Amino acid sequence: MYCLSGLGGIKLRRDGVNLKIKELKSDIAHFRDLSITIGAIARETWVEPMGPTPFPSLTTLRSWDRKLLERYKPFYLPFCDLCCLCTYGKCDLTGNKRGACGIGMAAQQSRTVLLAASIGASTHTAHARELVTHLIGKYGRDLPLNVGGLNVEVEAPHMRLVCGMKPEKLSDLEEALDYCEKQVTQLLAVTHTGQEGNNLDFESKVFHAGMIDHVGMEIADLAQISAFDFPKADPESSLIDLGLGSVNINKPVILVIGHNVPPAAEIIDYLREQDLTTEAEVTGICCTAMDMTRYSAKAKIVGPISWQLRYIRSGVPDVIVIDEQCIRADTLQEAMQIKAPVIATSEKNCCGLPDRTLDDPDDIVADLVSGKSSGALIFDPVKVGEVTVRTAIAIAPKRKKHKVLPSVDELIRIAKKCTLCTLCRRACPNDLPVSYAVKAAAQGNLNGLDELYDDCVGCGRCESACPQKIPVHSLIVTAAEKKTAEETFCIRSGRGAIQDIEIRKVGGPIVLGEIPGIVAFVGCANYPKGSREVAELCMEFAKRRYIVCTSGCAAMSAGMYRNDEGKTAYEMYSGSFEAGGIVNVGSCVSNAHISGAAIKIASIFAKKPLRGNYEEIADYVYNRVGAVGVAWGAMSQKAASIAAGFWRLGIPVVVGPHGTKYRRMLLGRSDKEQDWYVYDTRTGKKVYGGPVPEHLFFAAETKEEAMVMIAKLTMRPNDTSKGRAIKLTNYIDLHRRLIGGMPPDMHLLVRKMADIPLTMKEDIEKILQHMKWTEHEIPDPTLLSRMIHTPKEA
Amino acid sequence: MPLAESWQTAEIPGPKKASLIIKPDIADAIIRRAKRPIMVVGYGAVEYEVEGIKLIECLIELAKKGKIPVVVTASTAREFRNRGFSPAALMPAVDIGNRLTDSTWKGLDGKDTYDLAIFVGLPYYMEWTILSGLKHFASALKTMTLDCVYQPNASWSFPNSTIKDWAANLRDIVENLGD
């Protein structure tokens, strides 16, 4: 944005406008058909001065990234010895060999991480573009943005921070989208052969992709919250039915899968307009389900992405509507098995179906109901709404919930074909004992298969691998039929943003460490041991008075477990952003509200200038806001870019053991004292701040290890003694219970005697004496020399 | 099934694959030859049991006889301590993996770098990726796994084998080390 001098308060936007003058006569010239392109003119209402880095380029924040990467050096975990991205290859990169283009293994791994993060950022940005374009078409360019009314003044923390802009209406989002699209294109270009060759420069660009990703997510959620009237930062948003057992199978059932909600919203609108709301069930999987329930609390969520195969094969859905992202590529084939038509709605996922967008709905419905067509591609969401509902109602009596799951007798007969070759187990991502369970089933014992259901991620690789063509996944689902019928849980509808007043209330206690931390459970469902672990993690930290946030598939998993009293996490804990709350922000794109809350703590509580001031805000968040992201079942490239957005803000991310397949960790070395020095802003001296947070990207082997690490990673150099004592209490208590004994690094985490929790004083003092520990100062920490108040070493 | 084939079928690394430990004597020789070995034990070691004997008991004996410091990950420490054995360190798997790539790291005791890292009991795919990290970024370090499945990214690995055969092999290694 550039100021046009002399026009006070009038500013030019980045996107151009075209001014055409048919004829202009003046004293000096006579113009005809004059065309002038200038930036769009918008009245500037935001008085905050512009910071140093609005619309940062690929390298604007490189020095900040380097500061983080000096502490958290990449530990690369190559998934392959080779590079096969160009026709020089395959190139063998083992033993310090270089590829034909000159690239080495470290750079190649970071390049692959950048590819993943760029895919993720492009996916959210493209989704945001699709939403904004659609919503502008439907509601107009001037629809005001409203994510929480008067409760949310900082409506777009990422756009304010990164772009230096304060969007007020739908069309304002286009400027930020233009920026994101340019950056993603440039990031992708970096991965071309013969570009970057330095691994740390690749890593810096990974962080850039993550930052762009969070802007893209924010744009998408702001647009849909405002236009669809989703819950607006409401801590008491509705409780939504969740689970296979919550679906009324006596009605026509519609299933939506994906992430782009407009087609699902039009389905609900059509049902409302035709007064058919009680005549059909609208159910969903993955983030479209989440967003659909923000639109209508009567819609139901079946489960996270890993529920796709089991739900389709159950035969319950009569029509399947797919949009974009995380949808199984074989959905059409699976749907054909149960004779349910598929309606594809996104240019990004056409499924090979014929484009029926311009056809008469009567013709499309007739073809789908008669079985003449197995599916249709319809890009008009309104038409999707009508065709889907009419097809579901017409086809349901004919289908009679045709399922492809075997009966128990059939299951036992099929299982007898098993030769115990173990290829199913060897194909299973979690190395589950599939073959033994199938063999036992052949003897009539279904317990093994039933147990597998809880840990199964629903990928279906077991049956693809089976030389006997045993439909292993279907056997598992049949064996667990009782469990699936009992899947009746609930989840709080995604509330969106965090209110400014909530930030004001918790900002101080978080920065001082008295609320031990914000823990966000996000991401996909590639869990090592089933969904239940996520629910257990959430409840443990809520019980300990952390602020727990959830989103996407992890939010669903958090609700799919009942305690001894029969309550789910969302029934036990409040939906407020407060100590002991479990805050479901919404779908994948709602993750921007979680990182946004950290930014808002710096802006609203600490009154740090936000506008185009990324480095200073990130430095504040990194040193003071004890937030940790947890993606226990991270699978996708989007999960990679979401994590990268947290990293650039200095927020650590913990993943499950599958997370090592992202090809690198960012790990600190607590044993290297020299790595942990910070500036004390009060004196300008470089002082030891301790190894906190110890890691930036960490894969835990087990849920127990994750719990202990999460508690540790909420520590920050700025913690007051009271705050550090609270954090240490949680860390030590979890360590004793889950790992056994006192943690081995107490001497690194206690700075002063006052940090020691009173109830553990004796034990800790013994350790400190043994380690010859001495007190050190608690700094007013920063990594940026320009933040020093009275510079001495700057 | 082929002996030197990744246990998880699709986890194929490339041209550099682990040599097979086809008999326990090989593992013995590798351990004896090492000047500074270290053993990393994951939580899976707690879960394996053959003929009433837990794998962890075999590993304790191996560590004692071979004078090998043991790093335990996750919740494994408690099981060692319950059996009267104090591990040299408690550390997450990715953390010890990362340190082993640092050629300047002088080890848990601050004396010298390690020349052999023995892995056992981590989730297959996690051990696979960590061993890959060491294969590519710890050139002076040799790695060996004691799991019953083939880990192609180690320097040496047992083939895919039954739990019973594997347990017999481990017992032989321990007995031979006592010679």
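Colleague: What makes Asp25(B), Glu61(B), Asp172(B) and Glu175(B) a patch of negative charge on the surface?

Modeller: In this predicted model, these four residues gather in such a patch, and Asp and Glu count as negative.

Colleague: Why is Asp172(B) called partly exposed?

Modeller: Asp172(B), which lies in helix 7 (residues 163-177) of chain B, has a relative accessible area of 32%. Buried means under 20% and exposed over 50%, with partly exposed in between (1.4 Å probe, protein chains only), so Asp172(B) is partly exposed.

Colleague: And why does Asn623(A) count as buried?

Modeller: Asn623(A), in helix 24 (residues 614-624) of chain A, has 0% relative accessibility and therefore counts as buried. A helix here is a DSSP run (H or I) of at least four residues, and a strand (E) one of at least two.

Colleague: How do you know that strand 21 and strand 22 of chain A pair?

Modeller: Two strands pair if DSSP finds at least two bridges between them, and 3 bridges join strand 21 (residues 677-680) to strand 22 of chain A, running antiparallel. Tyr677(A) stands opposite Tyr688(A) in strand 22 of chain A.

Colleague: What makes strand 22 and strand 24 of chain A edge strands?

Modeller: The open sheet has the order 22-21-24 in chain A. Strand 22 (686-688) and strand 24 (781-782) of chain A each pair on one side only.

Colleague: What should I keep in mind about numbering and confidence?

Modeller: Residues are numbered from 1 along each chain, as its sequence is written, and chains are lettered from A in the order in which they are written. Local features need pLDDT of at least 70, side-chain atom pairs count only at pLDDT 80 or more, totals for chains, interfaces and linings use all residues, and side-chain values use heavy atoms, leaving out hydrogens and water.

Notes. Patch = residues over 30% accessible without salt bridge, like charges linked within 9 Å, V, L, I, M, F, W, Y side chains within 5 Å. Areas by Shrake-Rupley, 256 points an atom, 1.4 Å probe, with all protein chains shown as cover. Salt bridge = Lys/Arg side-chain N within 4 Å of Asp/Glu carboxyl O. Charge placed at Lys NZ, Arg CZ, Asp CG, Glu CD.
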